[in-house]
Amino acid sequence: MTGNQRIIVKENAVMLSQKAMTLFNQTAKESIDRHGRFVVAISGGATPRRMYRMLAEEPCGSAIPWDKTYIFWVDERCVPENDPDSNYGAAKKDFLNRVSVPEAQVYPMPGELPPKQGAQTYQKALIDFFHLEDGRFPIFDLIFLGMGTDGHTASLFPGHRTVDEKERMVVAVKGGDPDVNRLTLTLPVLNRARQIVFLISGKEKAATLKTVFEDDQTRLPVQKIHALDKELTWLLDREAASLLPGDRNDHRRSLLG
Ligand code: 6PG
């Protein structure tokens, strides 16, 4: 791993989610101050859902400048949005239906399309939104990522060639749990974000995290996330951090890999 990294360990999943919500709110305000809008890509899976629900609760709900917030996804399962496995469907229930973000500023991945077509359609949406010239990649203000016990992140799975993608911004892939077709942003997009936050909770993730930090050769997809010259935050709860060395209280530590 390279780049500036910090680890923040919170006592439990609730405090983890509160911290994530605070980072969302702070980054929104900083981004809007800097360039007039906040563009975030959010993850699926179970871990961020508590944070999503908090985003819609007071006082946070009305403190976030939703009118200048643009929401994208890092990955999606190719299922209809009313399927329990839909990341967009979950986010709608958790916060999108309950906050004042304009619908036109929400960009779900088109999980209902045939996967390859869905990937091309979302890539086109990114090109249009960011006004990208050929060969350029979008730069998100903030990207939230999760991690599977197999070391995947977004829908970039170990051993799959999509992990080596260098040109496309969005690809179709099959795998994971649920084992379905998926769409995912690729590493060149994820790694260009101004800020990347991993949200990782639970003791079942502890052994994988230990590998991520201690074994530089493993080359799990999650280890290929670098914030380039920006900041990468590992936001963990105590259980997830339990096999990492050092102080497990709420603290910040800078690791230069
Ligand atoms: C997805 C994801 C995926 C997820 C991890 C962790 O849609 O499947 O974005 O990368 O973040 O699998 O998921 P949990 O939070 O459920 O452990």
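Here's a short chat about the ligand site and the pockets in this predicted model.

In this predicted model, local features need pLDDT of at least 70 and side-chain atom pairs count only at pLDDT 80 or more, while totals for chains, interfaces and linings use all residues. Residues are numbered from 1 along each chain as its sequence is written, and side-chain values use heavy atoms, with hydrogens and water left out.

Visitor: How many residues surround the ligand?
Guide: Near means having a heavy atom within 4 Å. Ala46, Thr47, His152, Ala154 and Lys205 are the closest.

Visitor: How far is an oxygen atom of the ligand from an N or O atom in the side chain of His152?
Guide: Polar contacts are pairs of N or O atoms within 3.5 Å. Asn87 has a polar side-chain atom 2.9 Å from a ligand oxygen, and Arg182 has one at 3.1 Å. For His152, the distance is 2.7 Å.

Visitor: Which residues lie nearest the centre of the largest pocket?
Guide: Its lining has 28 residues, each with an atom within 4 Å of a point. Those nearest the centre are Gly45, Arg77, Met147, Gly148 and His152.

How values were computed. A polar contact is a pair of N or O atoms within 3.5 Å; within protein, one must be able to donate a hydrogen and the other to accept it, and residues adjacent in sequence count only if both atoms are side-chain atoms. On a 1 Å grid over the protein atoms alone, a cavity is a set of points where a 1.4 Å probe fits but cannot get out, and a pocket is an open set with protein on both sides within 12 Å along at least five of seven lines; lining residues have an atom within 4 Å of a point.
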